[in-house]
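Thank you for making time this morning.

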Amino acid sequence: MRRSFDPPGGAWAFALLLAGLLTPPAHAAEALLAVNAKPVPLADNLAIGGRVGAFRFLGMLVIPSVVINGVRLSQLSDIAWDDDSSTLYAVSDKGGLFHLRPVFRDGVLVDVKLSRAVPLRELKTDQPLRHKRADAEGLTITRRNNARGSGPELLISFERFPRIMRYRPDGYAIGELALPTPLADASAYVDENRMLESVCYDPRYGVLTMPELALKNEAPGYNRLYSLTGKSWRYPQDQNRVVALACLGNGEVLVLENDFGIHFWRSQISLKRTRLTDSTPADMPLQIQTLFTLDAGEGYQIDNFEGIAHHRGKRFFLVSDNNDLFLQQTLLLYFELVEE
């Protein structure tokens, strides 16, 4: 692991900046750490700008599993973009929170650097999350400036102990959101590792979330998309897992589905779109549009993609969870939705 520069104050000051324990002077440039990310192809026959359905490829990076201030940059489960600070936030299955800075050249993703790495902390004790309570899965930004004046507020959903928490960018918890009754009951899920994998925020419908797999009492072939206000919509789902949501406003929601099996190394992702309305009855399925599907069996170099973030315009990031296995990779994929 190399540094992009030798920051003022030496290595100890740089480590404190990354950990959020030292505030840089107002005149100082932000300290960035090069993590040795490398551009990699998505497929042998797909150049930059190439299309697959509505998908236009704009670069992909493989990110090494490095440890910064005791927090491993690995097992990334979701991401969220903050346009105010040009920061791509990422959370991990082990309770890490990372501030990433993508680097672009002519609109193509060519590198990513790190400005901060901190542990997520418990609400009441401020201690770092441990063991099963650290399984952060979904991430979104609800407000650009929270009441404490410390930048955006993050919402993070969890498995094992199902909950959605409010966090500051320094990893300290602000509060916990009340879940609808069906989601608050841990015994209602089919597995403790198939809980609240996704979360996003819609200005009209509020905080939205969906279990990775349908709750036990749902009819076969359907999951349910929940608003924390109590409203829900029936979502058609086959064998794929729902791993991420992206709210685009006006009730429009992108749903990232994943079919990944570590035993047979099958890897397939699909990005789907739906639109929420007040007039849709709770028992009527949502209308779903598949925007694109990428399948490793067709030559695409994909991994266990579990996170999505809207960047700007029609451009998005995807990130993969490498499960902390040497056979897998942390991939950061950049693409544009192009619809004719």
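This is a predicted model: local features need pLDDT of at least 70, side-chain atom pairs count only at pLDDT 80 or more; totals for chains, interfaces and linings use all residues.

A search of the whole structure turns up one disulfide, and the partners are Cys200 and Cys247, whose sulfur atoms lie 2.0 Å apart. Cys200 belongs to strand 15, residues 196-202, while Cys247 belongs to strand 19, residues 241-249, so the bond ties together parts of the chain that are 47 residues apart in sequence. For those of you who look at torsions, the link between Cys200 and Cys247 is right-handed, with 50 degrees about the S-S bond. Is each of these cysteines buried or exposed? Cys200 counts as buried because its relative accessibility is 1%, and Cys247, at 16% relative accessibility, counts as buried too, the cut-off for that word being under 20%.

Let me turn now to a sheet. As a reminder, strands of a sheet pair through backbone hydrogen bonds, either parallel or antiparallel. The one I want to show is an open sheet of five strands, arranged in the order 1-10-9-8-7, and its pairing is antiparallel. Its edges are strand 1, at 33-34, and strand 7, at 76-82, each of which pairs on one side only. Further in, strand 8, residues 87-92, and strand 9, residues 96-105, are joined in the antiparallel sense over four bridges, and if you want a place to look, Leu88 stands opposite Leu100 in strand 9.

Phe55 and Phe335 form a stacked pair, with 5.3 Å from centre to centre and 25 degrees between the planes. Since Phe55 lies in strand 4, residues 55-63, and Phe335 in strand 25, residues 330-337, this pair ties together parts that are 280 residues apart in sequence. Phe55 and Phe335 are both buried. Phe335 also forms a stacked pair with Phe316, here at 5.6 Å centre to centre and with 20 degrees between the planes. Phe316 sits in strand 24, residues 315-320, and Phe335 in strand 25, 19 residues apart, and Phe316 is buried, as is Phe335. Taken together with Phe292, the residues Phe55, Phe316 and Phe335 make up one aromatic cluster.

Arg133 lies over the face of Phe161, 5.5 Å from the ring centre, and Arg234 lies over the face of Tyr222, where the distance to the ring centre is 4.1 Å.

Where does Leu286 lie? Leu286 is found in the loop between strand 21, at 266-275, and strand 22, at 289-295, and with a relative accessible area of 5% Leu286 is buried. Leu276 is ten residues from Leu286 in sequence, and their C-alpha atoms are 7.7 Å apart in space.

That is where I will stop, and I am glad to take questions.

Note on methods
Residues are numbered from 1 along each chain as its sequence is written. Side-chain values use heavy atoms; hydrogens and water are left out. A disulfide is a pair of cysteine sulfur atoms within 2.5 Å. Helices (H or I, at least four residues) and strands (E, at least two) are DSSP runs, numbered from the N terminus. Buried means under 20% relative accessible area, exposed over 50%, partly exposed in between (1.4 Å probe, protein chains only). Two strands pair if DSSP finds at least two bridges between them. Rings of Phe, Tyr and Trp (its six-membered ring) pair if their centres lie within 6.5 Å; planes under 30 degrees apart count as stacked, over 60 as edge-to-face and the rest as tilted. A charge sits over a ring if NZ of Lys or CZ of Arg is within 6 Å of the ring centre and within 35 degrees of the ring normal.
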